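We will walk through it stop by stop, with something to select at each one.

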Amino acid sequence: MAGDQLRILLVGNGGREHTLAWKLSQSPKVEFIHVVPGNGGTAGTPKCKNVPTISQEDFLALVKYAKDNNVNFLVPGPEAPLVAGVTDYFAQHAPSIRVFGPSKAAAAMEGSKTFSKDFMLRHNIPTARHANFSDYEQARKHLDEVDYRVVIKADGLAAGKGVVLPETKAEGQKALKGIMLTKEFGDAGNAVVIEEFLEGEEISILSLSDGMSIVSLPPAQDHKRIGDGDTGPNTGGMGTYAPAPVATKEVLERIEREALKPTIDGMRQEGFPFRGCLFTGFMITKDGPRLLEYNVRFGDPESQSCLPLLRSDLAELMVACCEETLAEQTLLTSTQSACTVVVAAGGYPGSYAKGMPMTVEEPMQEGMHIFHAGTWVSSDGQLKTSGGRVIASTATGKTLREAVDRAYQGVSAIKFKGMQYRKDIAHRALK
């Protein structure tokens with residue numbers, strides 16, 4: 001496959017997928033990209049075509065489409081198809097098509113927080129004190145007894161919203177009831193992790209692995225809360241910047257040594273080697289970095305800041321991950337900084353309107369990008385909103401200050417009714 005032109009099937013419709021399509025389309029190795037279902041941004045990306053008629057959950061239809069269209073490389077964007085076993089399905093039904101993404105067994109690292117916490121313990125990976133529960137009464141009692149502030153996490157996939165940070169015991173008990181009894185996150189709340197709330201700054205690391213080696217993109221910092229000053233409810237992420245200055249060379253070396261390498265080695269030793277993008281979240285505490293969680297795909301909106309800093313050919317790196325030749329590749333990144341500001345629908349992360357007409361002036365300056373997330377193009381060619389996180393403005397700059405200013409300049413090119421965004425992305429680094 002090393003010499004083949006890639007005909008890619010890219011699964012997903014978010015900002016991450018538009019960014020991946022944009023980056024992959026720049027590779028001379030890539031002939032064409034079919035995006036299932038795609039969005040208003042991938043519709044206009046070079047070498048790309050949206051396929052809105054197929055569901056990303058319908059593996060049978062994905063295989064049929066891939067075979068009918070001579071696809072030879074699959075890139076699943078979101079976690080849900082990976083956790084449901086899309087990689088294994090293709091290995092069984094279309095073995096000639098390579099897949100950049102982990103097996104179902106390896107994807108359990110994101111699919112089940114209790115599974116991943118137990119893995120961290122087995123491999124002595126520094127993380128928060130925690131306990132796992134599938135019984136509500138036992139969880140309720142434990143919450144009453146602990147003498148530290150906690151974070152409560154639904155075990156399964158909850159679209160980035162299954163984490164609650166209660167301020168008081170009463171708030172914690174209410175959240176626990178909501179997750180385990182009222183099933184606010186559906187079956188994702190059949191079990192929970194109750195863990196110690198860690199103080200510090202959070203960072204995200206996107207790493208590519210072939211099951212043996214691992215290489216990482218510049219560390220990013222996400223802004224999860226909807227409001228300025230990190231207030232209000234959690235979202236899927238309202239903006240990012242990279243590299244995050246809190247992740248010093250020393251911190252990154254510790255992360256590699258104490259968490260990333262033991263993870264890749266441990267997964268291989270336990271019989272489910274990781275191939276794909278491992279996205280890890282860390283809290284930088286006074287005692288050093290602590291691993292918060294694993295994700296088994298590119299981050300969103302981390303990808304929007306990290307991928308514009310990648311100087312290597314992303315398609316080549318992905319192929320190397322599938323062929324276990326990553327050690328022969330060099331991951332080159334820019335010395336610049338990048339910032340991404342997410343623009344969301346009014347009311348998000350609560351209920352919000354869809355189908356709002358919008359206009360976007362594409363930035364003319366180099367290093368400024370608009371990445372679509374929840375958008376689509378109607379039959380009359382009108383761009384419309386279709387999600388909570390609608391679109392993002394990303395910019396690179398010689399300094400973080402310059403990148404942030406240019407990203408906000410890009411936001412002014414986006415217009416739709418009720419749009420909201422944070423005005424303080426990268427505030428921690430800039431103060």
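Start by selecting domain 3 and domain 4: 18 residues of domain 3 are in contact with 17 residues of domain 4, where contact means heavy atoms within 4.5 Å. Before going further, note that this is a predicted model, in which local features need pLDDT of at least 70 and side-chain atom pairs count only at pLDDT 80 or more, while totals for chains, interfaces and linings use all residues. Residues are numbered from 1 along each chain as its sequence is written, and side-chain values use heavy atoms, with hydrogens and water left out.

**Stop 1: the domains**

**Stop 2: across the interface**

Next, select D300 and R389. They form a salt bridge, with the closest N and O atoms 3.9 Å apart; the term stands for a side-chain nitrogen of Lys or Arg within 4 Å of a carboxyl oxygen of Asp or Glu. This pair links distant parts of the chain, since D300 is in the loop between strand 17 (288-295) and helix 10 and R389 is in strand 23 (residues 389-397), 89 residues apart. Helices (H or I, at least four residues) and strands (E, at least two) are DSSP runs, numbered from the N terminus. D300 counts as buried at 14% relative accessibility; buried means under 20% relative accessible area, exposed over 50%, and partly exposed in between (1.4 Å probe, protein chains only).

**Stop 3: inside domain 3**

Now select helix 11 (residues 314-323). Because 8 of its 10 residues are buried, helix 11 is largely enclosed by the rest of the structure. The buried ones are L314, A315, L317, M318, V319, A320, C321 and C322. At the start of helix 11, look for a side-chain oxygen of D313 within 2.9 Å of the backbone nitrogen of A315. Just after the helix, E324 takes a positive phi of about 55°.

Move on to S207, in strand 10 (residues 201-210). Is S207 buried or exposed? It is buried, with a relative accessible area of 0%. Leaving aside neighbours within four places in sequence, S207 is in contact with I214, V215, S216, L260, G276, C277 and L278.

**Stop 4**

How many salt bridges does a search of the whole structure find? The count is 27. One to show is R149 with E167, whose closest N and O atoms are 3.8 Å apart. R149 lies in the loop between helix 7 and strand 7 (150-154) and E167 in the loop between strand 8 (163-164) and helix 8 (169-180), so the pair ties together parts that are 18 residues apart in sequence. R149 is partly exposed at 29% relative accessibility, and E167 is exposed at 54%.

Finish with K224 and D222, a salt bridge with its closest N and O atoms 3.4 Å apart. K224 is partly exposed at 30% relative accessibility, whereas D222 is buried at 13%.

Note on methods. Polar contact = N/O pair within 3.5 Å; in protein donor to acceptor, adjacent residues only side chain to side chain.
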